[in-house]
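Here is a short note to read beside the model. Keep the viewer open and follow the points in order.

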Amino acid sequence: MPGQLKSGKLKAKANFSKTKIAIVVAEWNEAITDALYVGAKDCLLAHGLKKSNILKKSVPGTFELTLGSLWMAEKKDVDAVIAIGCVIQGDTPHFDYICQAVSYGITEVTIKTKKPVVFGVLTVLTEAQALERAGGKLGNKGEEAALTALSMLKF
Ligand code: DLZ
């Protein structure tokens, strides 16, 4: 599929048995974010991370992903963070504020901590679009976020 990350090269050369990754998950739209989390976690396990080295932390909503990610990225033993959320457009501009805040926020965290902090946030117009990207016909963006974290760790 165009634009998709490939995991073949990673599997061939990398050893992630000592890698520790935090996955910060927003509780809003939980059915979606949980599916993204499972996609990310399974991908990390498939690439050799130990179960005990995958840390799950929950935050109330996508807006809180910035601080949750910062707290995890600041931990010495955490190598990378995956921030997972799902913002679905409603009738008010709330959507734009949350999306803008979290994208800038995550960018700042990754620069400040000099660690990969991956943007695993769906910003969609409808719940159907979210489901397509959370294990539906367009794959699982949580899995892609995990591959991105691993690629960056092998930079
Ligand atoms: C308030 C709000 C709204 C309207 N929509 C979403 C959403 O679609 N996805 C999401 O993750 N969070 C949403 N939130 C909650 C905010 O992210 C945040 O938790 C609150 O504004 C409190 O800071």
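1. Start with strands β3 (residues 80-88) and β4, which pair in the parallel sense over 8 bridges. Find I88: it stands opposite V124 in β4. Remember that this is a predicted model.

2. Is β4 enclosed or open to the outside? Of the 8 residues of β4 (residues 117-124), 6 are buried, so the strand is largely enclosed by the rest of the structure.

3. Turn to the other pairing of β3. Strand β1 (residues 21-26) runs parallel to β3, and 5 bridges join them. The bridge partner of I21 is A80 in β3.

4. Look at helix α2 (residues 30-46) next. Its 17 residues reach 24 Å from the first C-alpha to the last, close to the 24 Å expected. Which residues of α2 are buried? They are I32, T33, L36, Y37, G39, A40, C43 and L44. Seen down the axis of α2, the buried residues fall within an arc of 160 degrees, so they line one face of the helix. An α-helix has 3.6 residues a turn, so residues three or four places apart point the same way. E30 and A31 are exposed on the other side of α2.

5. Finally, check G48, which follows α2. The phi of G48 is positive, near 100 degrees.

Definitions and conventions
Residues numbered from 1 in each chain as written. Predicted model: local features only at pLDDT ≥ 70, side-chain atom pairs only at ≥ 80, totals over all residues. Heavy atoms only, no water. Helix = DSSP H or I, 4+ residues; strand = E, 2+ residues; numbered from the N terminus. Expected span 1.5 Å × (residues − 1). Buried < 20%, exposed > 50% of the residue type's maximum accessible area, 1.4 Å probe, protein only. Arc of directions from axis to C-beta. Pairing = 2+ DSSP bridges.
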